[in-house]
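Trainee: Could you walk me through this model before I set anything up with it?
Mentor: Gladly; let us look at it together and take it piece by piece.

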Amino acid sequence: MAEKLVSSWYNLHSSVPSSYVQPPERRPDNAVFASGKLVPVIDLGGHHRPDIIRNILKSSQDYGFFQVINHGVSKDVLDATLNIFKDFHAMPEDVKIKESSKDPNGRCKLYTSSGRATKDVVKYWKDSLSHPCQPMGEFMEYWPDKPLGYREVVGKYTEEVRKVGVKILELFSEGLGLNREYLCGGLSEDPVVLSHYYPPCPQPSLTLGTSIHKDPNLITILLQQLGITALQVFKDGEWIAVDPIPNAFVVNIGIVLQIISNGRLVAAKHRVITNSSSGRHSVAYFVNPTKESLVEPAKPLLSPTSPPVFRSMTFGEMTANFLTKGFQFEEELRTGNFQN
C-alpha cells in the first residue's frame, strides 16, 4: 500500500494533520445531537415471530438501524474475534502489509482512510483490513496467517455471523411479503469482513473516523467494542449515538435492500467519530450480492400504483459507480437519470 497506516504514526502528533481536518460543516463539534433517542434493540430469541418481524421492519423504516440480542453467537466467539483483530492491528506495519497482500486480485487488502477508488479530499482516522469470507472457505488461503490462529478464529466467527444474517434476511423477506428465501442465494453469497481500527486522536472535534455514508450492500452486521460510543446514525437532522451493548450486533440496511424493497426500507446515513483517550475496534460483516446479481425492486412489490422507484443494474455496476459517485449516484438511481 502506498500510504502509511494511521496506526504507524498517530502518536507522533499533538494535533491532527491538516489532511485529516474536516470542513466546518462536517466536524463532530458542529453537529446537532439527539437527546434521549435510542436505536431499537430487538430480541431475536423471542418466541413470537410476527412481533420480531414487525419490530425489524419498523426499525428499518424509522432508523435504517437496529441492534439484535440473543442472536445465537456465543460471547467466547465474539471476544476471540475482537481480540484477534486487535492483535492484527497491533503488529508492525510491514508484517500487516505482508499478511494482507497474498491475494493476486487484491480482494484481501489493508488500507487507511476510506479505501475508495477516488482520492479522499479529506482523510479519515482509521485503518481497515478487508477480505471476502465465503461460507465454504474458498478464499481462506489468502487470509492472513498472523497473528497465530487468525484463520481459525475469523473462520468460526464468519460462519456464525452468516447464520445470523440468513435468519435476519428471512425475517425481512417475510415482512416484505416475499418468499422466505428471496434475499438469500445470489443476493447474499459474496460476504466480506472488515476490521476497523480507530487509533486515539489528539483533536477528535476536527476529524472523523469514517465518512458520512450509506452502505452499498444488502445489510451490515457490526460487532462493536464495548465501552466506547463512536457510531452515529443521522435521523431528522440529528445524530443519534449507537451505544455498544454487551454481546449484541448492530444491523443496518444497505442501499441494495432499499432498492429491493422499492424504498420501503431505508439505508440511513451514518458516521464514526474518534476520541482522544483510547483506540477503538469494530468488525463489520457486509452481506453482498455476487457481482453478476441483478439488483432491482422485487417484482411482487410492484403494481400500477407502486411502480419501481429505482432502476435495475448488476451489483458490480452499482458498486463501481457508488464508490466513485456516492450520494450523487443514489440520486441518479432514484430519479432514473443515470448516465455512464
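Mentor: Val256 is found in helix H5, residues 255-260, where helices (H or I, at least four residues) and strands (E, at least two) are DSSP runs numbered from the N terminus. This is a predicted model, in which local features need pLDDT of at least 70 and side-chain atom pairs count only at pLDDT 80 or more, while totals for chains, interfaces and linings use all residues. Residues are numbered from 1 along each chain as its sequence is written, and side-chain values use heavy atoms, with hydrogens and water left out.

Trainee: Is Val256 buried or exposed?
Mentor: Val256 is buried, with a relative accessible area of 0%; buried means under 20%, exposed over 50% and partly exposed in between, with a 1.4 Å probe and protein chains only.

Trainee: And which residues does Val256 touch?
Mentor: Leaving aside residues up to four places away in sequence, Val256 touches Pro216, Asn217, Leu218, Pro289, Val295, Phe315 and Met318, contact being heavy atoms within 4.5 Å. Pro289 lies 33 residues from Val256 along the chain, and their C-alpha atoms are separated by 8.6 Å.

Trainee: Switching to the sheet, what is the strand order?
Mentor: Eight strands form an open sheet with mixed pairing, in the order S1-S2-S10-S7-S12-S5-S4-S3; two strands pair if DSSP finds at least two bridges between them. Strand S1 (41-43) and strand S3 (109-112) stand at the edges with a single partner strand each, so one side of each has no neighbour in the sheet.

Trainee: How many bridges join S5 and S12?
Mentor: Strand S5 (residues 192-198) and strand S12 (residues 280-287) pair in the antiparallel sense over seven bridges, and Val192 has Phe286 in S12 as its bridge partner. S1 and S2, by contrast, pair in the parallel sense over three bridges, with Asp43 opposite Ile69 in S2.

Trainee: Now the helices: at what angle do H2 and H4 pack?
Mentor: Helix H2 (residues 75-90) and helix H4 (residues 150-176) pack at about 135 degrees with their axes 9 Å apart, where axes are lines fitted to C-alpha atoms, for helices over the stretch in contact, and angles run from 0 to 180 degrees between N-to-C directions.

Trainee: Which residues meet there?
Mentor: Val77, Leu78, Ala80, Thr81, Ile84 and Phe85 in H2 meet Tyr150, Val153, Val154, Lys156 and Tyr157 in H4.
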